[in-house]
Amino acid sequence: MIYMDHSATSPVDPEVFEAMKPYFVDSFGNASTLYSLGREGKQAMEAARIEVASLINAEPKEIIFTSGGTESDNLAIKGTAYKLKNKGNHIITTNIEHPAVDETCKYLEKNGFKVTYLPVGEDGIIKVDDLKAAITNETILITVMHANNEIGTIQPIEEIGKIASEKKIYFHTDAVQTVGKIPVDVKKMNVDMLSLSSHKLYGPKGVGALYIKKGVRIEPLLHGGGHERGLRPGTENVAGIVGLGKACSIAKVSQETDAQKLTNLRNKLVDGILNSIEDSYLNGDRTKRLPNNANFRFTGIEGESLILRLDTKGIAASTGSACSSTKLEASHVLTAIGLKEVEAHGSLRISLGHENTEEDIEYAIKAIKEVVEQLRQMSPLWCGIKK
Ligand SMILES: *Cc1c(COP(=O)(O)O)cnc(C)c1O
């Protein structure tokens, strides 16, 4: 099996798994207790907090551990909305966010908040002037993702952050797809809050973090014991947190060489596909995208059939995103960049990881070409176009 769906999730790095093991059976103590067994967990957790902070140039105190990207997004957005509801009721986001942001904004709309969804161009990137024009006296939060999970395009976060900080509006970014893949520096990016998730960077599932800049005040969503400065009560997932810390410390050392390698593999894949398959296109900007992401569309093909046939050839990839793969609507991201529904349905996302090789790429190009040709032979849509 050749795994090419790292934007959906990544395998746990064996080093990460080793680091986690002691915290299940031996050092299992509750990290909030005073005896040594609990203190061991507490110390490991605080060491992990330093590792996470260090990867994104934050202070350890600014890191709140959560159950993953979805929770971090919810905490940042609802936590701000609830805290600042007397100051204003307007939130600005984009129309290509991950459901963890998109659905949270829609929920708030049903509860008295107003949300502006900024459009993106064909390149998948918002226009900073649109953002400036959308700001009102009621705006309490701007939330714009760092890189998109479907097409990998990267937003001008630094610039957005400057505008937000001039206007004294909280700025949150969902950086789940970028942390561990490209440099993320919360100070340079001028962000007040940043979400990250362990399982997208070779850590375990079910753990993540929210960076909250010193001085930024939000409401917790859960109430209970005082864990994580009262912002995220509940007995800590020590093993998971240790795994996230280890994944971050590995990424700090390897992300630059990984990114270089993945960019080369990705470019080879893109050239190989576009040159060898007629009527094939790359969705999103060619360069302003994650090193490991390629998102193609093939005229006359239906994405789901493509995925299933690639699976029989031992390749795991996806259409739009893992989260929308069970829904039949076209991806909101692909329609946002101007694709027609039928074009969006003919898309394939390949997201590479550090275990992929040149041979994998060569095999994938061949396999995709074969499958696309087979499917087109049976496609009334394609025959209609080519007649
Ligand atoms: C995967 C993902 C999430 C959700 O993270 P979980 O840890 O799976 O909850 C949120 N945002 C983006 C951009 C993602 O890719």
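## Contacts of I56

In this predicted model, I56 touches I63, V179, V184, D185, V186, L194, L196 and Y211, leaving aside residues up to four places away in sequence. Contact here means heavy atoms within 4.5 Å.

## Nonpolar cores

I56 also belongs to the largest nonpolar core, which has 60 residues. Within this core, I56, I63, F65, I142, V179 and L194 touch the most other members. Helix α8 (residues 238-276) supplies the largest share, 9 residues. Apart from this core lies another, of 29 residues, including A294, A317, I368 and V372.

A nonpolar core is a set of buried Ala, Val, Leu, Ile, Met, Phe, Trp, Tyr and Cys residues joined through side-chain atoms within 4.5 Å. Buried denotes under 20% relative accessible area, exposed over 50%, and partly exposed in between (1.4 Å probe, protein chains only). Helices (H or I, at least four residues) and strands (E, at least two) are DSSP runs, numbered from the N terminus.

## Cysteines

The structure holds 0 disulfides, a disulfide being a pair of cysteine sulfur atoms within 2.5 Å. C105 is buried, at a relative accessible area of 0%, and C248 is buried, at 1%.

## Surroundings of P156

P156 is found in the loop between β5 (139-143) and α7 (157-166). This residue, P156, is partly exposed, with a relative accessible area of 22%. P156 touches I125 and V128, again not counting residues up to four places away in sequence. The C-alpha atoms of P156 and E122 are separated by 15 Å, the two residues being 34 apart along the chain.

## Basis of the values

Residues are numbered from 1 along each chain as its sequence is written, and side-chain values use heavy atoms, with hydrogens and water left out. Local features need pLDDT of at least 70 and side-chain atom pairs count only at pLDDT 80 or more, whereas totals for chains, interfaces and linings use all residues.
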